[in-house]
Amino acid sequence: MSRTLHLNAFLMSTGHHEASWRLPESNPYASTDIEHYRNLARIAERGTFDSLFLADGPVLFNDVGQRPSGVIEPLTLLTVLATATEHIGLIATASTSYNSPYNLARRFASLDHVSNGRAGWNIVTTAGADAARNFGLDDTPAHAERYERAAEFVDVALKLWDSWEDDVAVANKDTGVWATTARYIRRGTAGASSQSTAP
């Protein structure tokens, strides 16, 4: 029986070790260096990796005094990497606790269009008082509340992505009809009523 091995490159600026930025060959400013990430993405694609992954959270990851702690917002970075690669999947972490469904669904739909269908979402609920305080909260919402919100969030995002039929755009120059409006589905949920992400 044959099996298929899927490889994912977990990119983390200079590396996972806290002292990786101190290596002689390491760029200590890699966390905000687009060329560094382009190079890593191309290496992973040449190595036939299936995807690359960017972790993220709405808070500094580590002690900023000891290692690089801030990173480029992952959907922005993956949009750049989409233009530097051709086949590799592009996965970003995004929190359901500190985003709104429409805005996040739109950003992922945009990445999906730019990358020709290579976008992936690592769904997290985000815990930690530091992250909560960045959004004006005293502490993390309760576990049950975060996961209830996440379930509804994902449901709304899926409905938004499915609110256009595949063949809605006809772009008929002779008739002046860009889209067949009957093929545009208006969902009845509060989060996905008459607004939609791009087709």
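Leaving aside its neighbours within four places in sequence, which residues is Thr85 in contact with? Point 4 takes this up.

1. Basis of the note. This is a predicted model, in which local features need pLDDT of at least 70 and side-chain atom pairs count only at pLDDT 80 or more, while totals for chains, interfaces and linings use all residues. Residues are numbered from 1 along each chain as its sequence is written, and side-chain values use heavy atoms, with hydrogens and water left out.

2. Overall layout. The chain has 5 helices and 6 strands; helices (H or I, at least four residues) and strands (E, at least two) are DSSP runs, numbered from the N terminus. Along the sequence their pattern reads β-α-β-α-β-α-β-α-α-β-β. Taken along the principal axes, the C-alpha atoms fill a box of roughly 65 × 45 × 45 Å. Of the 199 residues, 33% count as buried; buried means under 20% relative accessible area, exposed over 50%, and partly exposed in between (1.4 Å probe, protein chains only). Contact means heavy atoms within 4.5 Å. Among the contacts in the chain with a separation of 6 or more, 67% come from residues 24 or more positions apart.

3. Helices H1 and H2. Helix H1 covers residues 34-46 and helix H2 residues 74-84; their axes come within 10 Å and cross at roughly 50 degrees. That makes H1 oblique to H2. Axes here are lines fitted to C-alpha atoms, for helices over the stretch in contact, and angles run from 0 to 180 degrees between N-to-C directions. Angles under 35 degrees count as roughly parallel, over 145 as roughly antiparallel, 65 to 115 as roughly perpendicular, and the rest as oblique. The crossing of H1 and H2 is right-handed; a crossing is left-handed if the near helix is turned anticlockwise from the far one by less than a right angle, and right-handed if clockwise. On the H1 side the residues that meet H2 are Ile34, Tyr37, Arg38, Ala41 and Arg42, and their counterparts in H2 are Leu77, Val80, Leu81 and Ala84.

4. Thr85. This residue lies in the loop between H2 and strand S3 (89-95). Thr85 counts as buried because its relative accessibility is 6%. To return to the opening question, Thr85 is in contact with Ala41, Arg42, Glu45, Leu90 and Arg118, its neighbours within four places in sequence being left aside. The side chain of Thr85 makes a polar contact with the side chain of Arg118 at 2.8 Å, and it also reaches the backbone oxygen of Leu81 at 2.8 Å. A polar contact is a pair of N or O atoms within 3.5 Å; within protein, one must be able to donate a hydrogen and the other to accept it, and residues adjacent in sequence count only if both atoms are side-chain atoms.

5. Helices H3 and H5. Helix H3 (residues 101-114) packs against H5 at an angle of about 50 degrees, with the axes 9 Å apart. H3 and H5 are therefore oblique to each other. Their crossing is right-handed. H3 contributes Pro101, Tyr102, Leu104, Ala105, Phe108 and Ala109 to the contact, and H5 contributes Phe153, Val156, Ala157, Leu160 and Trp161.

6. Phe153 is placed in helix H5 (residues 143-161) and is buried, with a relative accessible area of 2%. Residues up to four places away in sequence not counted, Phe153 touches Thr96, Asn99, Ser100, Pro101, Leu104 and Trp121. Phe153 also belongs to one aromatic cluster with Phe108, Trp121 and Trp161. The structure holds 5 aromatic pairs; rings of Phe, Tyr and Trp (its six-membered ring) pair if their centres lie within 6.5 Å, and planes under 30 degrees apart count as stacked, over 60 as edge-to-face and the rest as tilted.

7. Thr125. The loop between strand S4 (119-124) and helix H4 (129-133) holds Thr125. Thr125 is buried, with a relative accessible area of 8%. Its side chain makes a polar contact with the side chain of Arg146 (3.4 Å).

8. Positive phi values. Ser13, in the loop between S1 and H1, is not a glycine but has a positive phi of about 40 degrees. Thr48, in the loop between H1 and strand S2 (51-54), has a positive phi near 65 degrees. Is each residue buried or exposed? Ser13 counts as buried at 10% relative accessibility, whereas Thr48 counts as exposed at 62%.
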